[in-house]
Amino acid sequence: MSVGAGASFRSGAVGQVAFRRIERGVLGAAGVAGLVLLWQAAASLSGVPRYFFPSPRDVAGAFTVLLEKGILPAYLADSAGRYLAGIGLGTAIGLALGLALGVSRRAASMFGPLLNFFYAIVEVAWIPIFVIWWGYGLRTILVALVYVVAFPVLFNTQAAVRATPRVLIDAVRALGASPRQVLGEVIFPAALPGIITGFRVGAGFAFRGLIFAEMIAAKNGIGYLILTSAANHATDRTIAGMIVVGTVWLVIDQLYLRPFERVTVERWGVLRHAEE
Amino acid sequence: MRKNSGALGTVPFVALGLAWLLIPMLTKIPPYALPTPGEVIGRLYSGVVDGSLPKDVLASLRRLLLGFCIGNGLAIPLGIAIALNRRVSDLLRPLLTFLASIGGIAWVPLAVVWLGVGSGAVLFVIANQIFFGSIYNTVTGVETIPRVLRRAVLSNGARGTQMLWELIVPGALAQIIVGLRTSMAYGWRALVAAEMIAGTNGIGFRMMEAVKWYQTDTIVLGMIVIGVLWLVLDALLFSRLERATVVRWGLLRETA
């Protein structure tokens, strides 16, 4: 009997959680639907020219055309390639430098101020000189992305390495671990949550940086689509592009970056420990 | 950690300056691609003397400040209001998350269609960027106040404004300040980017104009000004603000 009571209590709680989740989803969807309806009503009732204020239907139409003509998939692939290459390379560089500066206090105090200064020159500000050096094209975009990702990864890695408990390093060393083992089996795992946080920050800046760089220096990609369409009075395409940008970032952030961070952080229990 | 670097930290700056001086003499990089330090200093001097540089800096800073005040002035009260009611919060949260994820820079072309090239479009972009960045953090801040605290304050008879000022605002403050700071970092980038595409004055505009005429001294000067301004802003505003509030109350976790 007590088992039955426990089970029913538990299923009640589960039911409540499920109900709450459904309620949340329904309300959230209603919010989005409400905005779309309002927007449609405003566009059709105001009589403002379509190029100035396209309705959701116009945007949906533009989206379909972009899909059918294969423009959108092709541009998405262009942007994705640049983005992945940029953050991959930027993370590798930031990680290597961050580990080095985290381990060596001397190097950190030597290069810290210079790095801070260069980080303050945001990647957006580098684009004009890159354009002078390399023209409008892939290299300009790629270097800007590498630049913007490398710094947050570097700083967070450095801080996380520095925060590795000395005791652990000494203990492993006393057990006869080589420097390489210390780095690979103590410092790196201990620093991983920090590295991931830096990666997430960098990936966020890089995504915006990509859109901007494509507006200035590309002949394809989502940023190019948004800008050129607006210049050609195809504002419905511009908005379709913006919605794609928002959706893509949402997917990257919610489906990949946040869970990734949660998993690593939870596994190593660092954040929870710090919160207590 | 990065504070007591002292003299050692100046070494790379000196080395970099020397390299910058020597590279044009030793290599065949065309002069237009890399201005000499002398040219950049000369550009700084002439810009200060004819007043064009301070004018651009002020135009950019004014916009940043205005965008910051408009964005946060709307976002923080609205965010608190949304987060106080669970249903309203459920209704609007996905929408806000989505709009925040579009990001200010993607709005630049639309802003130009609506407001034309110039200050209006730039201001729209930066206020937009800051608003969405900030409101998300405010809502999260209020929602993560432990329910126990809310009940405790309620059962002690606090209502209305007292509840707001003694529980909600202090409870959400750490997250709100994180929001202020992140939104400023994104806002600063959005400002420079928007000025480059849609501006008619300001540092970003001046740099992009210089690209047309291959005036690399102006571009490099602009980059240095942007770097210095950001460091000054960060040191003056945020490090101080954080020390005065979050760190003092022991709420800061060194994550961001």
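User: Which domains does the assignment give for chain A?

Analyst: This is a predicted model: local features need pLDDT of at least 70, side-chain atom pairs count only at pLDDT 80 or more, and totals for chains, interfaces and linings use all residues. Residues are numbered from 1 along each chain as its sequence is written, chains are lettered from A and ligands numbered from 1 in the order written, and side-chain values use heavy atoms, without hydrogens and water. Domain bounds come from an automatic or database domain assignment. For chain A that gives domain 1 (1-47) and domain 2 (56-275).

User: What separates the centres of domain 1 and domain 2 of chain A?

Analyst: The centres are taken over C-alpha atoms. For domain 1 of chain A and domain 2 of chain A, the separation is 33 Å.

User: What is the area buried between chain A and chain B?

Analyst: Contact means heavy atoms within 4.5 Å. By that rule, 65 residues of chain A are in contact with 57 residues of chain B. Buried area is the accessible area (1.4 Å probe) that two parts lose on being put together, summed over both. Carbon and sulfur atoms give 76% of a total of about 5600 Å².

User: Which residues of chain A lose the most area to chain B?

Analyst: Three residues together make up 12% of what the chain A side buries. They are A:Ile132, A:Arg208 and A:Met242.

User: How many salt bridges are there between chain A and chain B?

Analyst: A salt bridge puts a side-chain nitrogen of Lys or Arg within 4 Å of a carboxyl oxygen of Asp or Glu. A:Glu123 forms one with B:Arg189, with the closest N and O atoms 3.1 Å apart. The count between the two chains is five.

User: Is B:Asp90 buried or exposed?

Analyst: Leaving aside neighbours within four places in sequence, B:Asp90 is in contact with A:Arg20, A:Arg24, A:Leu27 and A:Gly28. Buried means under 20% relative accessible area, exposed over 50%, partly exposed in between (1.4 Å probe, protein chains only). B:Asp90 has 3% relative accessibility, so the residue counts as buried.

User: Which residues of chain B does A:Ile216 touch, and why does A:Ile216 count as buried?

Analyst: A:Ile216 sits in helix α8 of chain A. A:Ile216 counts as buried because the relative accessible area is 15%. Not counting residues up to four places away in sequence, A:Ile216 touches residues of chain A including A:Ile127 and A:Val131. From chain B, the contacts are B:Met196, B:Ile197 and B:Met208.

How values were computed. Helix = DSSP H or I, 4+ residues; strand = E, 2+ residues; numbered from the N terminus.
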